[in-house]
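Here's a quick briefing to read alongside the model. Have the viewer open as you go.

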Amino acid sequence: MEHVPVLLQESVEILLGGSRVVAGAAVIVDATFGGGGHTRRLLECGHDKVAVVAIDRDPAAIARSDSLQQDFGERFKLLPGNFSDLEQLLDQAGIGKIDGLLLDIGLSSFQLEEGARGFSFQSDGPLDMRMDPDAGEPAAAIIREADCDTLIRIFRDFGEEPYAGAIARKIVAARVQKPFLTTHSLAQLIADMVPDYKRSRRHPATKVFQALRIVVNDELGALEKVLKAGLERLSQGGRMVVISYHSLEDRLVKRFFRESAKGCICPPGIPVCGCGRISRVKIINRSGLRPQRVEIERNPRSRSACLRAIERL
Ligand SMILES: C[S@@+](CC[C@H](N)C(=O)[O-])C[C@H]1O[C@@H](n2cnc3c(N)ncnc32)[C@H](O)[C@@H]1O
């Protein structure tokens with residue numbers, strides 16, 4: 001079991017192209033440490049004055065950091081926690097401005113493949129899905145307690161599931177007989193609603209699992225917070241790279257970047273700007289960068305990835 005880093009070359013090149021990195025000492029935050037693939041490459045490619053501060057909310061990811069500590073000593077620092085608390089985490093570590101921020105959001109292969117974490121319907125395990133097993137409620141609690149309308153909203157809003165209503169009603173009717181405690185029990189209920197699903201490319205539970213995972217970990221809320229805090233912390237010329245894996249995340253990132261890049265919004269023809277608004281960032285790649293075919297063939301999990309990047313002005 002290993003995690004193959006996605007858009008590795010592309011993201012590292014952008015981060016190391018920031019003016020402060022090029023000029024000398026720089027601090028880059030990898031807020032999604034995972035298996036440490038991006039962190040390692042940043043440390044190997046950056047010169048000795050580039051330090052990486054890595055964050056992850058999953059204790060299992062934190063436990064994988066020993067070799068980096070040994071190989072790079074003081075150039076590598078680990079901050080366990082949720083990236084939605086970026087400001088506090090950096091303050092507590094005595095770090096002010098940063099020169100790069102990487103967010104490779106979503107799940108690592110370690111998390112997906114370990115049945116006991118409950119992220120995947122491919123292997124049976126407890127219906128948990130918490131990235132930090134000590135924070136919040138597992139997915140089983142939502143499936144057990146949420147009313148039908150709430151389940152519909154979750155499946156529709158966070159999974160874009162077209163059969164949200166039918167699935168929610170079936171869950172509510174079935175849970176009275178037997179609670180859904182495992183990934184397979186929930187996946188099977190959904191699969192039973194689509195008799196010839198084996199012919200389709202995706203398992204019919206894919207969107208429901210995505211929706212539950214997003215809610216359990218408040219993934220969109222955390223992303224919104226870290227984008228704002230990250231922008232405040234970036235030094236002039238510093239760069240932010242976000243790799244997202246589904247349209248809800250990508251839309252949020254794209255909007256935030258466009259909004260931050262917007263300059264004066266006064267109506268045309270006004271001689272002196274009255275709004276005082278100035279662009280805070282330059283967008284590095286307007287339409288987002290996707291993995292090349294060779295990368296997708298080598299690592300099919302990269303197929304939905306989209307990289308967006310900005311530079312702080
Ligand atoms: C796709 S993996 C990152 C893989 C990494 N770039 C690599 O190459 O090994 C995403 C990681 O981000 C972590 N993560 C996701 N949301 C987080 C959050 N809000 N705060 C901290 N870590 C988070 C997950 O626990 C997971 O380990």
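How many residues surround the ligand, and which are the closest? The ligand is surrounded by 23 residues, and His38, Asp56, Phe83, Asp104 and Gln111 are the closest; a residue counts here if one of its heavy atoms lies within 4 Å of the ligand.

A word on the ground rules: this is a predicted model, where local features need pLDDT of at least 70, side-chain atom pairs count only at pLDDT 80 or more, and totals for chains, interfaces and linings use all residues. Residues are numbered from 1 along each chain as its sequence is written, and side-chain values use heavy atoms, with hydrogens and water left out.

**Around the ligand**
- Aspartate 56 puts a polar side-chain atom 2.7 Å from an oxygen atom of the ligand.
- Aspartate 104 has a polar side-chain atom 2.7 Å from a ligand nitrogen atom.
- Glycine 36 comes in through its backbone, with an N or O atom 3.1 Å from an oxygen atom of the ligand.

- Domain 1 brings 11 residues to the contact and domain 2 brings 8, with contact meaning heavy atoms within 4.5 Å.

**Pairs and helices at the interface**
- There are 2 salt bridges between domain 1 and domain 2, a salt bridge being a side-chain nitrogen of Lys or Arg within 4 Å of a carboxyl oxygen of Asp or Glu.
- Glutamate 219 pairs with arginine 213 in a salt bridge, their closest N and O atoms being 2.8 Å apart.
- Helices α13 (219–233) and α14 (247–261) each supply at least two residues of the domain 1 side that touches domain 2; helices are DSSP runs (H or I, at least four residues), numbered from the N terminus.
- α14 gives the most to that side, with 4 residues.

**Salt bridges overall**
- The total count is 15 salt bridges.
- In one of them, aspartate 91 meets arginine 233 at 2.4 Å, N to O.
- That pair links distant parts of the chain, with aspartate 91 in helix α6 (residues 86–92) and arginine 233 in helix α13, 142 residues apart.

Methods: Polar contact = N/O pair within 3.5 Å; in protein donor to acceptor, adjacent residues only side chain to side chain.
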